Amino acid sequence: MSSLPAAALCSNLVGFVYPAYMSFKAIESEDKSDDTIWLTYWVVYAFFNILETFSDLVLYWIPFYYAVKLGFLIWLFYPSTRGAQFLYDHVLKEALLKQQERIDTALGHAEAMGTAVKEAAQNTVAGDSKKTQ
């Protein structure tokens, strides 16, 4: 089991480093179609990461899980397979469109709560600074 941390690190590096660098190159290029390719990858990767977080205890015990994960991540971004585009078009897009209003509402509530917390913190700091003067 001592190789598991190394396998996890390797799959995470492949899932982050190459796509991050290619995203940088896409941002800097004049062609905007490559931006869409990498944005799609990151959306699919985010959903995969969320699913993996909730099933990690089970997945950890599956033999060769990290090898399969590595292959899956390469499939997601490899130009000839465009796996992320396939998953987005056939799974995520419809699900997100159906839930878009609920997600936007939840994000609006979270933003309002964040603003309220920020203002409360600023008021507390302002009140504390008045006490020390």
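**Reading the features**

Tutor: Glu52 counts as buried, with 9% relative accessibility; buried means under 20% relative accessible area, exposed over 50%, and partly exposed in between (1.4 Å probe, protein chains only). This is a predicted model, in which local features need pLDDT of at least 70 and side-chain atom pairs count only at pLDDT 80 or more, while totals for chains, interfaces and linings use all residues. Residues are numbered from 1 along each chain as its sequence is written, and side-chain values use heavy atoms, with hydrogens and water left out.

Student: With which residue do the side-chain atoms of Glu52 meet in a salt bridge?

Tutor: Side chains of opposite charge can pair when their charged atoms come close. The criterion is a side-chain nitrogen of Lys or Arg within 4 Å of a carboxyl oxygen of Asp or Glu. Here the partner of Glu52 is Lys69, at 3.0 Å from N to O. The pair links distant parts of the chain, as Lys69 belongs to helix 3 and Glu52 to helix 2 (residues 33-59), 17 residues apart. Helices are DSSP runs (H or I, at least four residues), numbered from the N terminus. Lys69 is buried as well, at 4% relative accessible area.

Student: How many salt bridges does a search of the whole structure find?

Tutor: The search finds 3. One of them joins Glu94 and Lys98, whose closest N and O atoms are 3.3 Å apart. Both Glu94 and Lys98 are exposed. These residues are 4 apart in helix 4 (residues 83-132), so about one helical turn separates them. Another joins Lys32 and Asp35 at 3.6 Å, N to O. Lys32 is partly exposed at 46%, whereas Asp35 is buried at 19%.

Student: Which residues of helix 3 are buried, and where do they fall around the helix axis?

Tutor: The buried residues are Tyr65, Tyr66, Lys69, Leu73, Leu76 and Phe77. Viewed down the axis of helix 3, they fall within an arc of 95°, so they line one face of the helix. The arc is taken over the directions from the helix axis to the C-beta atoms.

Conventions
Helix = DSSP H or I, 4+ residues; strand = E, 2+ residues; numbered from the N terminus.
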